[in-house]
Amino acid sequence: MLTDNQSILLCGIVIVSFVFFGMLDILDNIFIACPIIIVFLVIVINLIVTKRIPEAEELEQIKKAEETPSEEI
C-alpha cells in the first residue's frame, strides 16, 4: 500500500499539523481535525495490512518447502 518513505512523510505531516493547528487553537474545527484523523488512520491501517501480508507469504513458503522433497547429500 504505502512505502516506508511515504509513511514517514505522512507521520511528519500529521505531527506538524497537530503542532501548527494546536498553536493556532483551531483543532476543534471539524474541517481541520477530520483530515488529520483520516491521515492518521491511513497510517495505522497501512501498518496492519503490511504486517499481515508477509506472514501469509511466509506460511505459503513453508508449505511449499514441506511439499517439495529436499535432496540430502
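The following paragraphs describe the secondary structure, surface and selected side-chain contacts of a predicted protein model.

Residues are numbered from 1 along each chain as its sequence is written, and side-chain values use heavy atoms, with hydrogens and water left out. Because the model is predicted, local features require pLDDT of at least 70 and side-chain atom pairs count only at pLDDT 80 or more, whereas totals for chains, interfaces and linings use all residues.

The protein contains 2 helices and 0 strands; these elements are DSSP runs numbered from the N terminus, with helices (H or I) of at least four residues and strands (E) of at least two. Helix α1 covers residues 4-23, and helix α2 covers residues 30-67. Of the 73 residues, 11% are buried, where buried denotes under 20% relative accessible area, exposed over 50%, and partly exposed the range in between (1.4 Å probe, protein chains only).

A nonpolar surface patch of about 970 Å² is formed by M1, I37, I38, F40, L41, V42, V44, I45, L47, I48 and V49. Patches consist of residues with over 30% relative accessible area and no salt bridge, with nonpolar side chains (Val, Leu, Ile, Met, Phe, Trp, Tyr) joined within 5 Å and like charges within 9 Å; a salt bridge is a side-chain nitrogen of Lys or Arg within 4 Å of a carboxyl oxygen of Asp or Glu. Among the contributors, F40 lies in helix α2 and is partly exposed at 44% relative accessibility. I45 is also placed in helix α2 and is partly exposed, with a relative accessible area of 46%. Although 44 residues separate I45 from M1 in sequence, their C-alpha atoms are 9.6 Å apart in space.

In helix α1, S17 is buried, with a relative accessible area of 12%. A polar atom of the S17 side chain lies 2.9 Å from the backbone oxygen of V14. The structure also holds 1 aromatic pair. The ring centres of F20 and F21 are 5.3 Å apart and the ring planes stand at 70 degrees, so the pair is edge-to-face; rings of Phe, Tyr and Trp (its six-membered ring) pair if their centres lie within 6.5 Å, with planes under 30 degrees apart counted as stacked, over 60 as edge-to-face and the rest as tilted. F20 is partly exposed, at 46% relative accessibility.

The loop between α1 and α2 includes D25, which has a positive phi of about 60 degrees although it is not a glycine. D25 is exposed, at 62% relative accessibility. As regards cysteines, the structure holds 0 disulfides (pairs of cysteine sulfur atoms within 2.5 Å). C11 is partly exposed at 33% relative accessibility, and C34 is likewise partly exposed at 33%.

Conventions
Accessible areas come from the Shrake-Rupley method with a 1.4 Å probe; for residues, only the protein chains shown count as cover. A polar contact is a pair of N or O atoms within 3.5 Å; within protein, one must be able to donate a hydrogen and the other to accept it, and residues adjacent in sequence count only if both atoms are side-chain atoms.
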